[in-house]
Amino acid sequence: MASYSELQQCVISGDKTRVKELTQAFLDNGKLPKEILDEGLIPGMAVVGKKFEACEFFIPEMLLSARALNAGLDLLKPLLEASDVKPIAKVLIGTVQGDIHDIGKNLVSAMLRGGGFEVIDAGVGVSPDQFVELAKETGVDIVGLSALLTTTMTAMKDTVQAFESDGSRNKIKIMIGGAPVTTKYAEEIGADGYARNASAAVEMAKKLIGAR
Amino acid sequence: MTREENYFKAIRFDYPEWIPISVRIMPATWAKYREALEEIVLQHPVIFGDYEKGNIDFDGFEGTYREGEHTDAWGCVWKNVSPGLEGVVVKCPLTRREDVHTFQPPNEHTGLPHGFMFMRLYYLRGFEELMIDFAEEPPELQILIDKVLGYNLNELDLLLEENPALIVLGDDLGNQDSLPIHPQKWIKYLKPCYARLFAKCHQKGSLVYLHSDGHILEIIPALIECGVDVLNPQVGANGIDNLARIAKGKIAIDLDLDRQHFPFWTLSQIEEHIHEAVEKLSLPQGGLLLIAEVAPDVPLKSIAAICEYLEKYKSSI
Ligand code: B12
């Protein structure tokens with residue numbers, strides 16, 4: 001029988017077919033879906049994040065691994081839901097009003113999914129009110145805001161304020177990111193965290209959930 | 001010496017009299033500041049040449065800078081959410097890999113607009129699909145590259161018929177702190193494209209100007225080998241010291257001053273930035289040009305200061 005380290009390796013090398021086969025084999029051997037996720041898929045993706053940080057992996061390799069992981073996750077998801085195993089947390093993510101850059105946001109989403117989060121993608125050019133509405137509808141724990149322009153960073157501040165005015169700010173954590181954004185800016189606008197790339201975003205999301 | 005003569009002396013390392021400077025105003029910036037901005041422009045003929053009052057239509061956005069959807073000649077559908085700024089491709093014609101085989105580049109001539117090569121690949125395939133292609137390296141990746149390159153070579157032939165002294169191209173190759181793909185893959189797949197295009201320009205006696213956003217340090221040596229004569233890199237994503245180390249004296253640099261800081265910097269920080277760029281990159285024989293693009297969030301007084309400091313330091317050669 002294959003080991004979890006082999007499954008991790010297949011996630012790292014982005015071997016979608018093998019990840020699917022191995023996940024199925026673990027299930028057939030009576031392993032619990034949650035264990036396959038926590039011992040195989042997620043640790044594999046964590047290594048991918050580290051390799052990305054070290055500039056050993058670039059976007060192609062990261063996305064290939066994310067797709068391989070999804071092949072396993074597709075098999076596990078219905079079983080996890082049936083046994084009432086919840087994702088680590090739910091994240092709503094979107095690019096703020098006036099901004100159309102979505103490449104970074106999509107990578108963050110892929111890595112969050114790979115880190116065991118459920119991700120709801122609000123798309124691009126999302127207004128503060130839309131963020132508030134969507135967060136309510138979906139009952140998320142974290143809201144992620146992406147901005148790639150200095151001109152649209154201010155919409156992050158407006159979004160934080162919209163949650164304040166709505167009275168729902170204390171129900172969620174807000175994390176922000178994008179090329180011109182910094183930790184200092186996050187503090188200034190009253191967001192809960194900043195992450196400089198997709199792999200750091202997973203760590204930040206975990207930290208925010210831990211701090212809840 | 002005319003501005004043009006001095007410009008060419010600077011890019012040919014032929015002892016220009018001053019550092020060529022320019023300021024680009026985004027359409028959205030005109031729409032926001034209007035006459036007040038025009039006043040600044042009129043005060044700086046050294047930068048804006050013989051601009052006259054009323055020369056610009058403040059709200060005259062064109063093509064993908066207009067609100068709404070717009071399909072280009074390649075079948076890519078663009079959407080604009082903020083008029084006066086660029087839109088984004090929201091529908092890609094080649095989302096399935098096999099579509100690449102039957103795909104034909106446009107019959108009409110579109111020139112070589114911004115995003116003519118690398119970006120065009122992801123406008124056609126979608127960013128994630130293209131990245132997966134770079135990871136898996138199926139034959140379709142090379143087929144697509146060859147089709148886009150073939151079209152571009154033809155367009156370039158047409159542009160070169162006019163015997164321009166300089167061909168100006170733009171393609172964003174970098175992200176904020178890295179390349180999107182491994183430099184080795186860039187060298188394998190993309191370097192040959194730029195090398196062929198640039199060689200064609202040189203054969204016709206034209207120099208090559210290439211703009212790229214983002215972090216491109218690792219491929220600057222390859223771009224130099226491809227034959228780029230003037231590179232327009234983003235300062236923040238690459239760093240002045242790194243650019244000096246890798247490119248100073250080898251090719252001319254039209255330094256894209258730090259747009260990611262202009263909205264927040266004090267006037268003296270703006271001055272320091274321009275001063276530092278000149279100090280670290282300029283050579284008596286030339287090779288440095290300075291360009292500042294101003295977005296609508298740069299305060300008017302900062303725009304005026306950018307112009308003033310550019311004029312002040314242009315002579316420190
Ligand atoms: C590709 C690109 C485009 C593409 C976007 C395609 C797309 N589908 O997204 C196109 C061509 C459409 C485009 C348009 C424009 N762009 Co642009 N673009 C870029 C470029 C080259 C790369 C951005 C990118 O995709 N990076 C790759 C991803 C993976 O990185 P990332 O986005 O930074 O994301 C990572 C982190 O930031 C973080 N992150 C991102 N989001 C989030 C969210 C959360 C919650 C967290 C935790 C983390 C996080 O994790 C991500 C993954 O590691 C940058 C250059 C740069 N220096 O970044 C310019 C850049 C961002 N663009 C710029 C500009 C000016 C524009 C335009 C205004 C240009 C114009 N002429 O109109 C328009 C914008 C119009 C609009 N309304 O938004 C400027 C912004 C300058 C400024 N003042 O801030 C930049 C910096 C280039 C420059 N020369 O200065 N652009």
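This talk goes through a predicted model, from a strand in chain A to the ligand and then to a few single residues.

Before we start, a word on conventions: residues are numbered from 1 along each chain as its sequence is written, while chains are lettered from A and ligands numbered from 1 in the order in which they are written. Since the model is predicted, local features need pLDDT of at least 70 and side-chain atom pairs count only at pLDDT 80 or more, though totals for chains, interfaces and linings use all residues, and side-chain values use heavy atoms, with hydrogens and water left out.

Let me begin with strand β4 of chain A, residues 173–177, where four of the five residues are buried, so the strand is largely enclosed by the rest of the structure. Buried here means under 20% relative accessible area, exposed means over 50%, and partly exposed lies in between, with a 1.4 Å probe and protein chains only. Helices (H or I, at least four residues) and strands (E, at least two) are DSSP runs, numbered from the N terminus.

Which strands pair with β4(A)? One is strand β3 of chain A, residues 142–146, which pairs with β4(A) in the parallel sense over five bridges, and two strands are said to pair if DSSP finds at least two bridges between them. Within this pairing, Leu145(A) has Ile176(A) as its bridge partner in β4(A). Between β3(A) and β4(A) the chain passes through helix α7 of chain A, residues 150–166, in a right-handed β-α-β crossover; right-handed means that, with the strands pointing away from the viewer, the path from the first strand over the helix to the second runs clockwise.

The other is strand β5 of chain A, residues 193–194, which runs parallel to β4(A) and is joined to it by two bridges, with Met175(A) standing opposite Gly193(A). Here the chain crosses from β4(A) to β5(A) through helix α8 of chain A, residues 183–189, and this β-α-β crossover is again right-handed.

Now to helix α1 of chain A, residues 4–13, whose buried residues are Tyr4(A), Leu7(A), Cys10(A), Val11(A) and Ile12(A). An α-helix has 3.6 residues a turn, so residues three or four places apart point the same way. The buried residues of α1(A) pack against α2 (16–28), α3 (33–53) and α4 (59–82) of chain A, where contact means heavy atoms within 4.5 Å. Just after the helix, Gly14(A) takes a positive phi of about 75°.

Where does the ligand sit? The ligand lies between chains A and B, and of the 46 residues around it, His101(A), Tyr65(B), Ser82(B), Glu86(B) and Asp213(B) come nearest; a residue counts as near if one of its heavy atoms lies within 4 Å. The ligand has a cobalt atom, and its only protein donor is NE2 of His101(A), at 2.4 Å. Donors are N, O and S atoms within 2.8 Å of the metal (3.2 Å for Na, K and Ca), and as water is not among the atoms, sites may look incomplete. His101(A) itself is in the loop between β1 (90–96) and α5 (103–114) of chain A.

There are also polar contacts, meaning pairs of N or O atoms within 3.5 Å; within protein, one must be able to donate a hydrogen and the other to accept it, and residues adjacent in sequence count only if both atoms are side-chain atoms. A backbone N or O atom of Ala198(A) lies 2.9 Å from an oxygen atom of the ligand, while a side-chain N or O atom of Gln176(B) is 2.7 Å from a ligand nitrogen, and a polar side-chain atom of Asp213(B) lies 2.6 Å from a nitrogen atom of the ligand. The elements giving two or more residues to the shell are α5, β3, β4 and α9 (198–210) of chain A, together with α5 (118–125) of chain B, and α5(A) gives the most, with four residues.

Finally, a few single residues. Asn6(B), in helix α1 of chain B, residues 3–11, counts as buried because its relative accessibility is 0%. A polar atom of its side chain lies 2.6 Å from the backbone nitrogen of Glu17(B), and the side chain of Asn6(B) also reaches the backbone oxygen of Trp18(B) at 2.9 Å.

By contrast, Asp84(A), in the loop between α4 and β1 of chain A, counts as exposed at 55% relative accessibility, and has a positive phi of about 60° although it is not a glycine.
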